[in-house]
Amino acid sequence: MADPHDNDDDVCEEEAPRRPSLLDVREEDATKSCALRTDSPRAFPAVHPDAAALAARHPWTEHIPLFSASSRGLGPKGAIALGLCYFLNKGLGSYLVNYARYAMFRNRYGVDGTRYQRLSTLYTMGWSVKAFSASVSDTFALFGYTKRWYSAGSCVLGAAFVLAFGLLPAKEASANTGAGFMFLTNFCMANIDILSEGHYSRILSKRPAAGPALVSWIWVFIFSASLISAVIQGPVSDQHNPQVGLFISAGAQVVTVVFFIFNWYGERLNKIERYEDFRVAEAARKALLSSTSYGSEPAVGVDVKNLHPELSSDAERNIPTADAAVEALSDELVAVRAADVDEESDEDEALRAFSSSPYMSTFCCGAVEVNKEVFFRNWRLFVYSAIMVSCVVVQCLVTVFGNSHDLGWSSLAVAVTCCSVAFWACTFVAAKAIVFVFLDMLLYLQLPGVMDSFYMATEKCYPEGPHFSYTFYNTIGSIISNFAGIAGVTAFTYVFSKHSYYLVFIVTTVLKVVGSIFDIIIVERWNLYIGIPDHAMYIMGDSIVFQVCKELAWMPVVLLFSRICPRGSESMIYALAAGFSNMGQSMSSTIGSLFIELVWPVKTTGVNGCDFHNVQMLLLVAHILITLAVIPLSFLLLPRARICDAIDVDGHASRQPPKEAGTSGEASARSRDDEGRAEQPRPDERRA
């Protein structure tokens, strides 16, 4: 599978030369000194030792597509474990829940389309709080690790929640509880997603050459799992057993715990990671002091700046200090050039160094380690992520138990709060970008309760409807939409990567409007008058176009954040942006439910049949008129620059390669995982 992100960071530059073989790299590394001093850090090996050993024993493994390059970064065991984790967790686990939810709520629990519209929003809300999980794990190491045991616990809990979701009694009273379990299992899967991303992003900062192949490796597994999930869930839903997919999801999630129990990811102890960061920061501090003591410029590679320059006076913004160098380079989440660090740091030395460190405290007989320095440096982002969690919890409770007016006011309060706090917690340019990502998803109002019900209404309910089966709607439609998503990524790489941010969002907005017109044609049944079957018209409509637009719109956002994130805050801001995007998508479905409940009601059940005469107006307003507001907002909130231009933290563009960009491997890694991005697309949607 060709990697769509090879040119993420330097799309305007020439292609990099071919990498040496694993054996060549191994021989080169063998000649380097093993000494590691804070004043002269040893160069980090360009390939994982296990990968070099495997290539020495079995040279043919160098020719395995994607795996060979991926194992350079994580090692053979780590690459396989990471791929299988994404296959089982974000692949089978998440997609099966997504494809099963309509059948579970509408057929098994018996709720109407309006109620389903509300409850389905909790699916995406579970992916909206991943930034808080990342901040907690990076601050509080559990049993010596910042990710390993959090991920293991999430595997077990996520499997238990989805199993409970499938075992609830088949009655309407189970719907609210089922929505809660759906939220919790997605929250657990989001935890594993963001923690896995944090692990391999740190590795890629040391071995960036493995980045593009590793991202493609991961998404080959996810894409394969999405196809398998669609093939499984469609037929079992047609057989009125949608809970079978949930049981498979539970099994897939619980199996993943094996990778973390045996630490196949290869995560190192928190104290060693902190010690490694300290030595890099100390080397940078000494280099800075030696260069500035004679009035010269800071040392090459030491880019000194405040994490929040908008909070400092003009006179303070560019003053190089030793503390600034340490602050800029010593965080675990920083995209530091960790090629200056030895992967095999002396464990005993690290444990001795941090046994009484003022930067770390231990509790519960050493079971919990608190990384105080990490917290105090990023405390504003931690507070912001906590506020987002509070807003998501409130929104979930009001969605399930509140009336229409309660839901409307809570949605307004949550949106205003999260958008406002973004400007307090982040740099001004980053905050504008985060708010735009939220609004881009929010302003395309989701209508799954209406459109799912319309397309799959029975002949008794709606005699003149399309009458799609689950096999077509979930299986065939989902397979086509996934290939459409790949087309969107490819289109960005080869068509839009050298154009402005404005152009991309103008094009995606227009495509969304055009796709919605096809839905209106089907609802009005005009396609039958011109001889086009419903199935063919549906494939040309919003279900496919939306997925292309979603992928096409996310790529420039990824690159934008790779340029404007202050050092030390990259991964947390990425997680916030992805979570905020998911919140916008969830809230768009919430506002869509308010339109259905208060303005244009739709009847999806009843002895007298269904009534879809208001669907045209809903589509016109929700998918066309409101969506067009994204175009002026893009001019207001996005930088005036081409996608391939360098942009500093103040939003100033230049034609030079960006200094603040991560490596191409880092940008590629972020592009697919923070996608979020967690949403797993449904064939109709609008996808939560």
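Me: Are Cys461 and Cys610 buried or exposed?
Reply: In this predicted model, both Cys461 and Cys610 are buried, and buried here means under 20% relative accessible area.

Me: What makes Cys461 and Cys610 a disulfide?
Reply: The S to S distance between Cys461 and Cys610 is 1.4 Å, and a disulfide requires cysteine sulfur atoms within 2.5 Å, so the pair qualifies. By this rule the count comes to 1 disulfide.

Me: Why is the disulfide of Cys461 and Cys610 called left-handed?
Reply: The torsion about its S-S bond is about -85 degrees, and the disulfide is therefore left-handed. This pair links distant parts of the chain, 149 residues apart, with Cys461 in the loop between helix H19 (448-455) and helix H20 (470-496), and Cys610 in the loop between helix H25 (570-598) and helix H26 (615-625).

Me: Why is Cys365 called exposed?
Reply: Its relative accessibility is 90%, and exposed means over 50%, so Cys365 counts as exposed.

Me: Why is Cys188 called buried?
Reply: Cys188 has a relative accessible area of 3%, which falls under the 20% limit, so the residue is buried.

Note on methods. Residues are numbered from 1 along each chain as its sequence is written. This is a predicted model: local features need pLDDT of at least 70, side-chain atom pairs count only at pLDDT 80 or more; totals for chains, interfaces and linings use all residues. Side-chain values use heavy atoms; hydrogens and water are left out. Helices (H or I, at least four residues) and strands (E, at least two) are DSSP runs, numbered from the N terminus. Buried means under 20% relative accessible area, exposed over 50%, partly exposed in between (1.4 Å probe, protein chains only).
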